[in-house]
Amino acid sequence: MYFGGKKIEINTTGRAPKLPAEKPFTSIQADAILELQLHRLTRLSIDEINKELGTTRENIAEFESILGSEKKLRKVIVTELEEIKKLYGDERRTVIEDEAAEIQLEDLIADEQVAVTVSHGGYLKRTPISTYRQQRRGGTGRIGMRTREEDFVSQMFVASTHAYILVFTNTGRVYWLKVYEIPDVGAAGKGKSIQSLVSLQPGESARAMLPVRDLEEENRYVLFVTRNGTVKKTPLKDFCNVMSRGIIAIGIEKDNELVAASLTDGHQIVFLASHEGMAIRFAEEDVRAMGRPAYGVRGMDLDKDDYIVGMAVTPKERTKKNGKDGEDTPSLILSVTENGYGKRTDVDEYRLQSRGGKGVINVKTTQRNGKVGGIMLVSDHSECMVISQFGKIIRIETNQIREAGRSTQGVRLLHLDEGDRVAAAVVIPQEEVGPENGTLLQ
């Protein structure tokens, strides 16, 4: 076909025209062209491509010169670091120190709640709470601790394995014991003697064991009472200096000894009972806080040959849980005499006095019932254990003991042989510590 005097060839075969064989596209060039959008391809400027090509060649030459010269490379590094310093330079927010971490045994012990059981004979054991499956109230229960015939469980509390147990002795010294140091011997195990866990001095015996998680807790005190009627209150943080050989907790004369110790908040009501049947009740605020070596102040004025047999600590305000399964807050004083008699008396029947007084009659002691051997703070749901010098033991629900006034002799709890006397009387630890009447020792 001719157009404008020139011959034009028209492709009528329907096939793509052949490209000149002498200048083919490389695969990279072909891919680049295909990736370009159509409008860029049609408007592509040869000047822009040549400019980009020139810039790329200059960058390549510059990079090759930097890689080929160590001096240039260091200069580039310095320039880039100065730019980073200018943009992000500020004071270091972290401190790097060389310190070797010391792993202690406690770091390898799991922090869990366990039941610590103490027998009257001084045997201790710990058992995970998970060991005691939950039962309904009134279940058949299970053995919580295997003891000898003449021994029985006298104390039980739930504490963390990382908590301390403060062990106070009759001579007024205190020793520390970690809960995880007490052997885990199973629910029916007997445990280990306190003598093998704590380095007691000759003639010492444990009189009180108090579980404490934080020894530096503020507004917490340890209240002491001695045989001759002395009382002392010491801040708990004064016992945070742990020593394996123990330290003095209260100054005690040679003819005196520690009877009991209790943890308080500094605002409790203190009840002291004597061997001759007297008792005094006073506010804890009457006893000022003192340091460890102090001997304390007079708590009760005792007659000649009389001595303190026990202490109970009660809150100022009493609360009561109502309902069928409700439990009264312990507010009854159970007094047990040497001849096996006992009686319960409400603490409110003992009027509040100032410390250091003679007190009021607690038990009317006669030849029939004997002198007072011990006192306990109980509720209507408590149980007690009484043991005699000859080894007789009886376990009683305290609500079976008649509630009587102060100046009474009480009722018989245990028939004793001639010459036998009550050696000890303690409250059986409360078993119901779980939710929904779940039991710990069942």
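Which residue in S17 is the bridge partner of Val270? In S17, Val270 has Val313 as its bridge partner.

## Model and overall make-up

This is a predicted model, in which local features need pLDDT of at least 70, side-chain atom pairs count only at pLDDT 80 or more, and totals for chains, interfaces and linings use all residues. Residues are numbered from 1 along each chain as its sequence is written, and side-chain values use heavy atoms, with hydrogens and water left out.

The protein has 5 helices and 25 strands. Helices (H or I, at least four residues) and strands (E, at least two) are DSSP runs, numbered from the N terminus. Buried residues make up 39% of the 442 residues. Buried means under 20% relative accessible area, exposed over 50%, and partly exposed in between, with a 1.4 Å probe and protein chains only. Take the contacts between residues at least 6 apart in sequence: 75% of them join residues at least 24 apart. Contact means heavy atoms within 4.5 Å.

Strands pair here if DSSP finds at least two bridges between them.

S14 (residues 269–274) pairs with S17 (residues 308–314) over 6 bridges, in the antiparallel sense. On S15 (residues 278–283), S14 has 5 bridges, again antiparallel. There, Ile269 stands opposite Ala283. The S14 and S15 hairpin has 3 residues between the strands, and Gly277 takes a positive phi near 95°. S15 in turn pairs with S20 over 2 bridges in the antiparallel sense. Met278 has Ile361 of S20 as its bridge partner.

S14 is mostly covered, with 6 of its 6 residues buried. In a regular strand the side chains alternate between the two faces of the sheet. Ile269, Phe271 and Ala273 lie on one side of S14, Val270, Leu272 and Ser274 on the other, and all are buried.

## The sheet around S11

Another open sheet of 4 strands has the order S13-S10-S11-S16, with antiparallel pairing. Its edge strands are S13 (258–264) and S16, and each pairs on one side only.

S10 (residues 221–226) and S11 run antiparallel and are joined by 5 bridges. Tyr221 has Pro235 of S11 as its bridge partner. S10 and S11 form a hairpin with 3 residues between them, and Gly229 in the turn has a positive phi of about 95°. S11 is also joined to S16 (residues 297–298) by 2 bridges, and these strands run antiparallel. Here Val231 stands opposite Val297.

## Burial of S11 and Thr234

Is S11 enclosed or open, and how many of its residues are buried? In S11 (residues 230–235), 6 of the 6 residues are buried, so the strand is largely enclosed by the rest of the structure. Thr230, Lys232 and Thr234 point one way. Val231, Lys233 and Pro235 point the other way. Both lysines, Lys232 and Lys233, are among the buried residues.

Thr234 is found in S11. Thr234 counts as buried because its relative accessibility is 0%. Leaving out residues up to four places away in sequence, Thr234 touches Arg220, Tyr221, Val222, Phe224, Phe239, Ala249, Met290, Gly291 and Arg292.

## Helices H3 and H4

The axes of H3 (residues 46–68) and H4 (residues 70–88) come within 5 Å and cross at roughly 105°. That makes H3 roughly perpendicular to H4. Axes are lines fitted to C-alpha atoms, for helices over the stretch in contact, and angles run from 0 to 180 degrees between N-to-C directions. Angles under 35 degrees count as roughly parallel, over 145 as roughly antiparallel, 65 to 115 as roughly perpendicular and the rest as oblique.

H3 contributes Ser65, Ile66 and Gly68 to the contact, and H4 contributes Glu70, Lys72, Leu73 and Val76. By class, the contact has 3 nonpolar, 2 polar and 2 charged residues. Ala, Val, Leu, Ile, Met, Phe, Trp, Tyr, Cys and Pro count as nonpolar, Asp, Glu, Lys and Arg as charged, and the others, Gly among them, as polar.

H4 is hardly covered: the count of buried residues among its 19 residues is 0. At 1.5 Å a residue, H4 should span 27 Å, which agrees with its end C-alpha atoms being 27 Å apart. The expected span is 1.5 Å times one less than the number of residues.
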